[in-house]
Amino acid sequence: MTWLSNEAVDRLRDVATRPELPGDRYVILRPLGRGGMGRVYVARDNVLDREVALKVSNAPRASTALDERLKQEARVLAALEHPGIVPVHDSGVLDDGRVFYVMKLVRGRTLTEHAGDLTSEAARLAVFERVTDAVAFAHSAGVVHRDLKPANVMVGAFGEVLVLDWGVARRLDQSSDAEPAGTRLGTVGFMAPEQSRGDAASAGPSADVYALGALLHWLLRGETPPRRLRAIAGQCLAASPADRYPDASALAADLARYRQGAPVSALRESALERGWHWVRRHQAVILLVLAYLVMRALFAFARRP
Amino acid sequence: MIPFPATHLSILERLRGGDPQVRHAAFGDLAEGYWRPSYHYLRLQWRLAPEVAEDAVQAFFTVAFEKGYLEKYDPSKARFRTFLRVCLDRFVQNLQKAEQTARRGGLAERLPLDFPGAERELAERASVDLGDPDRFFRDETIRALFGRALESLRRACDAEGKPQVFRVFDRHDVRPDDETSYATVARELNLSVAQVTNYLHASRRRFRELILTHLRDLVADDHEFQAEARDLLGLEVEP
């Protein structure tokens, strides 16, 4: 029998699972990654002469739950045309029945790898707001991601921020029969309590809000963020979905208020605090008015008989 | 659609079925799939001398068949592969405790196994990680499984009068070098690039089928077949 080295075994394992693509439009170049649902390859699109990412289901037979989920992922992505969400170009079925889809090849680093380069709170918040905007768009289209975490955010070479891996996303207008009670979807540490309990089917936009709160908390780890920002993260991470922001749009709005120095809905502040924030937010105008008043006073004083 | 192994009887069902011929055949499949990892395991993990390891493997499979050890497997406790390795450990421990030699001249049947070949394979290994016995046994099982599938592919191609199909697969997928491409293989074997593409397409599919066929003979039941296919190949299969 032929002796197989470890390298040969690895190569043959890759060969055994490598998709046989129909036609000659796409040629697999190399594996890119592997997840629970499928494998992602770098492929060449011979028609458009560019490299793309090609995701193939792990299930070798059509009509399995995994295939359905991969189809669902492709459909979700196709419905979400947003700069922060990876666009899908094509989809199909291999000769062996496995489902595949073709998407933009994102070149960059995951947020897990990139976070160390974000040295200021402003830089971290800028990335976080881009993620929140993409998720807010998905929520407005009736889609919940359900597995937001640093590894599923890609930061490109030109600063573009993309939310990846919509494999366990759910369309709110569709039945969740495929996910019986007890199904746990998500990642520990970023998973909402209702997801941890195995109640994946009922995880709505507020479950994503929880994951975003965990992401914000992760981005700000090791720091003492301002009280209002802590309150925003705290509201995201409330144990009860009813106590969180209802969706990512509400969170995005509060983040914008925070960035502008306006009162945030997550924190009930005293009149003095609100006044102080009002002063800080309008300090230029206040200074101008004060300067004007001082000038008027000086002028009046000088003209006094 | 990937064709699945023709038999739908699990190895446990075949072992426990009561038909002596079916049981014997099932045991033959098991021994064929596991003897090589078992031999390498005893040589490297147990540090047995080649002739002692050879006899221990022969004795283990023979005694396991005679005494019905493997029929006692409980799927709820561990993978069949792990169960078999633990049985092998206990068997060798008992042999050593009793200060018996592993040589059992009185065995009714000796399996026709290529121990010199398995010994040569050990000599070809650059390094071995012996830290985790279960991991080692698993990796050796995968190696043997892929080796068997490769050998089956070669035989099938020869039998069908298509040895070039196997040569293309062997050259491109099993023993490539830095320069290997469809074009270099085509030149080397005097074929067109289109032929190389087609041969690879056919041989890869056949190879995957053969892996699944042989894997089916190494696991206890459908549930384990699915779990092993997932672990070894990353494939979700439906038996």
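**View 1. Helices H7(A) and H8(A) pack at an angle of about 175 degrees, with axes 10 Å apart.** Helix H7 covers residues 227–236 of chain A, and helix H8 covers residues 248–260 of chain A. The axes are lines fitted to C-alpha atoms, for helices over the stretch in contact, and angles run from 0 to 180 degrees between N-to-C directions. H7(A) is therefore roughly antiparallel to H8(A); angles under 35 degrees count as roughly parallel, over 145 as roughly antiparallel, 65 to 115 as roughly perpendicular and the rest as oblique. On the H7(A) side the contact is made by Arg228(A), Leu229(A), Ile232(A) and Cys236(A), and on the H8(A) side by Leu251(A), Asp254(A), Leu255(A) and Tyr258(A). Two residues are in contact if their C-beta atoms, placed from the backbone, lie within 7 Å. The residues of this contact divide into 6 nonpolar, no polar and 2 charged, where Ala, Val, Leu, Ile, Met, Phe, Trp, Tyr, Cys and Pro count as nonpolar, Asp, Glu, Lys and Arg as charged, and the others, Gly among them, as polar.

A word on the model before the next views: this is a predicted model, in which local features need pLDDT of at least 70, side-chain atom pairs count only at pLDDT 80 or more, and totals for chains, interfaces and linings use all residues. Residues are numbered from 1 along each chain as its sequence is written, while chains are lettered from A and ligands numbered from 1 in the order in which they are written.

**View 2. Helix H1 of chain A lines up its buried residues on one face.** Residues 6–17 of chain A form H1, whose 12 residues should span 16 Å at 1.5 Å a residue; the end C-alpha atoms are 17 Å apart, which agrees. The expected span is 1.5 Å times one less than the number of residues. Leu12(A), Ala16(A) and Thr17(A) are buried in H1(A). A residue is buried if 20 or more other C-beta atoms lie within 10 Å of its own, exposed if 12 or fewer, and partly exposed in between, with C-beta atoms placed from the backbone. Seen down the axis of H1(A), the buried residues fall within an arc of 125 degrees, so they line one face of the helix; the arc is that of the directions from the helix axis to the C-beta atoms. They pack against strand S2 (38–45) of chain A and against H6, H7, H9 and H10 of chain B.

**View 3. Val155(A) sits in strand S8 (residues 153–156) of chain A.** Val155(A) counts as buried because it has 22 C-beta neighbours inside 10 Å. His114(A) is 41 residues away along the chain, yet the two C-alpha atoms are separated by 7.1 Å. Not counting residues up to four places away in sequence, Val155(A) touches Gly108(A), Arg109(A), Leu111(A), His114(A), Val127(A) and Val161(A).

**View 4. Here are helix H6 of chain B and the glycines Gly131(B) and Gly161(B).** Helices (H or I, at least four residues) and strands (E, at least two) are DSSP runs, numbered from the N terminus. Chain B has 10 helices and 0 strands. H6(B) has 27 residues and reaches 38 Å from its first C-alpha to its last, close to the 39 Å expected. Gly131(B) is in the loop between H5 and H6 of chain B and counts as exposed, because it has 7 C-beta neighbours inside 10 Å. From C-alpha to C-alpha, Gly131(B) is 9.1 Å from Gln45(B), which is 86 residues apart in sequence. Just after H6(B), Gly161(B) takes a positive phi of about 70 degrees.
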